[in-house]
2 protein chains.
Amino acid sequence: MIRVLIVEDEPLIAEAHAAYTARIDGFQVLSVSHTAQQAMATLRTTPVDLILLDLNLPDMNGLELTRALRAAGIGTDVLVVTSARDLAVVRSAVSLGVTHYLLKPFTFATFREKLLGYARYRSQLLGAGQVPAQHEIDRAFAALRGTAPDSLPKGLDQNTLDLVLGVLRADPVPSGLSAAEVGARMGASRVTARRYLEHLAETGQVVRSPRYGGPGRPEVEYRRV
Amino acid sequence: MIRVLIVEDEPLIAEAHAAYTARIDGFQVLSVSHTAQQAMATLRTTPVDLILLDLNLPDMNGLELTRALRAAGIGTDVLVVTSARDLAVVRSAVSLGVTHYLLKPFTFATFREKLLGYARYRSQLLGAGQVPAQHEIDRAFAALRGTAPDSLPKGLDQNTLDLVLGVLRADPVPSGLSAAEVGARMGASRVTARRYLEHLAETGQVVRSPRYGGPGRPEVEYRRV
DNA sequence: ACCCTTGCGTTCATTCTGTTCACCGGCCTG
DNA sequence: CAGGCCGGTGAACAGAATGAACGCAAGGGT
């Protein structure tokens, strides 16, 4: 059982994370802290395996808390949960040894994927015996970081999805593209392009809007957000 | 150009690592330290991107040096090079944010693989723009940790792998080949060809892309990078 | 109102994928 | 030398992803 400490100042969100964590086999929420001070105190008295850490705390930045932990010789693994889309923050987090970096908002599937990746890493290192070989270490590192992608609904293919996204990104005119245009540019049919565009629309990565003008039914154009 | 500091007490080995590093495109050996004190002093005055760190130093354990760096707010990335096959050491290293853990003795191929993995991680994070999305962070983490092991996974044979690579190289059309085509050209079944092509794809030596056209499910074509 | 035009949204045959499982040959063991 | 095991292969199969075809929806023109 992996013991988890949740550090999050917003009570509602902390509650949500706790509920998420409890739903995953092998994980157990040990405690919830709302400030960095509180977290430090808890960690001094209670053995914890993994910290779910919000970076935005009232009394101290989450990265500083991590640094303080490391300085104190506490090597507990940390999973950062934040809405900070800042490259410098990501790099700092990596250098401080956080196991994963999860951007808010996230779906339960994404959340679970990260926790399960951590569980894999853990079991591989613990189960490896006393004399790990290079390839065992590699496997453990890969389990830690190599993420199983959010599984797509049936009928969709990751390669094709990447192609569609590539076409949308590469479009010089940011006004949007119709399904037929996307299909032509990626070398597939309108039907296929549409399937993926609709998926992207449903998952909020793209917006649909009608394009009026000529005679006939208006076209639907898709634009990245 | 990635600036590298080598920290290794044994002069001969330090020299070897420096030579290895210099042989890899994009890496530049900035300095060599033989003690932790020396390394600290160098880092205070010189900007360094990556530290190749031997754990066994005369004046201080390498992990302690790393912890001291973090405590001092120095987030330089660290690649640990050691012969310590100790699980606790590996876990500590991870929690302190080392990018890779390389067991001595190693071949040049293994060494280069780790450095190139780091270079991939770096370029992905730097090139991502200011607003990374979750999947971009995931890709960067995967590049950092997803390693291609030297030894082939079970079920694969070096001779067959060479054959597949030969077929891909000999292809006059550089547009890519399907698994069935590769299989036919090497005199093996599609299933076998696919096994090896997928391995090559996972280790980044080959890219997969769908090939659309007529009715029916699209083919996957594999192309060397 | 009415028709005309044009693209949408869906269905379904088609083709290739991904996986499983039995087989074959070599190697170690008793 | 028999028997079991293991690593590598391919035949067979279930089903996944695509596009041609088609009826209908949604605009403009008169």
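Biologist: What is the relative accessible area of B:Tyr20?

Modeller: The value is 23%, so B:Tyr20 counts as partly exposed. The class follows because buried means under 20% and exposed means over 50%. Keep in mind that this is a predicted model.

Biologist: How many aromatic pairs does the structure hold over all chains, and how is such a pair described?

Modeller: A pair of aromatic rings is described by two quantities, the distance of the centres and the angle of the planes. Over all chains, the structure holds 1 aromatic pair. Its members are B:Tyr20 and B:Phe111, with 5.5 Å from centre to centre and 50 degrees between the planes, a tilted arrangement. The pair links distant parts of the chain, 91 residues apart: B:Tyr20 sits in helix α1 (residues 11-22) of chain B and B:Phe111 in helix α5 (residues 108-127) of chain B.

Biologist: Is B:Phe111 buried or exposed?

Modeller: B:Phe111 has a relative accessible area of 0% and is therefore buried. B:Tyr20, its ring partner, is partly exposed at 23%.

Biologist: Which residues does B:Thr21 touch, not counting those up to four places away in sequence?

Modeller: B:Thr21 belongs to helix α1 of chain B, and its relative accessibility of 0% makes it buried. Leaving out residues up to four places away in sequence, B:Thr21 touches B:Val4, B:Ile6, B:Phe27, B:Val29, B:Leu52, B:Phe111 and B:Leu115.

Biologist: Turning to chain A, which residues of helix α2 are buried?

Modeller: In α2 (residues 36-45) of chain A, the buried residues are A:Ala36, A:Ala39, A:Met40, A:Thr42 and A:Leu43. Looking down the axis of α2(A), these buried residues fall within an arc of 165 degrees, so they line one face of the helix. That buried set packs against β1 (2-7), β2 (27-33), β3 (50-54) and α3 of chain A. On the face turned away from the buried side are the exposed residues A:Gln37, A:Arg44 and A:Thr45.

Biologist: Which residues of α3 of chain A are buried?

Modeller: Helix α3 (residues 62-71) of chain A has A:Gly62, A:Leu63, A:Leu65, A:Thr66, A:Leu69 and A:Arg70 buried. Their arc about the axis of α3(A) is within 155 degrees, so they too line one face of the helix. At the start of α3(A), a side-chain oxygen of A:Asn61 comes to within 2.6 Å of the backbone nitrogen of A:Leu63. Just after α3(A), A:Gly73 has a positive phi of about 80 degrees.

Biologist: How many residues surround DNA strand D, and which are the closest?

Modeller: There are 34, and the closest are A:Gly155, A:Thr160, A:Thr192, A:Tyr196 and B:Thr192. By class, this surface has 13 nonpolar, 14 polar and 7 charged residues. Sugar or phosphate supplies 66% of the atoms of DNA strand D within 4 Å of the protein, and bases supply the rest.

Biologist: Which residues come nearest to DNA strand C?

Modeller: Of the 20 residues around DNA strand C, the nearest are A:Arg190, A:Gly216, B:Arg190, B:Gly216 and B:Arg217. Among the atoms of DNA strand C that come within 4 Å of the protein, sugar and phosphate account for 63%. A polar side-chain atom of B:Arg190 is 2.5 Å from a base oxygen of DNA strand C. Polar backbone atoms also approach phosphate oxygens of DNA strand C: one of A:Val220 at 3.3 Å and one of B:Val220 at 3.5 Å. The residues of this surface divide into 8 nonpolar, 2 polar and 10 charged.

Terms used: Residues numbered from 1 in each chain as written. Chains lettered and ligands numbered in written order. Predicted model: local features only at pLDDT ≥ 70, side-chain atom pairs only at ≥ 80, totals over all residues. Heavy atoms only, no water. Buried < 20%, exposed > 50% of the residue type's maximum accessible area, 1.4 Å probe, protein only. Helix = DSSP H or I, 4+ residues; strand = E, 2+ residues; numbered from the N terminus. Arc of directions from axis to C-beta. Polar contact = N/O pair within 3.5 Å; in protein donor to acceptor, adjacent residues only side chain to side chain. Phe/Tyr/Trp six-rings, centres within 6.5 Å; stacked < 30°, edge-to-face > 60°. Near = heavy atom within 4 Å. Nonpolar A, V, L, I, M, F, W, Y, C, P; charged D, E, K, R; others polar. Contact = heavy atoms within 4.5 Å.
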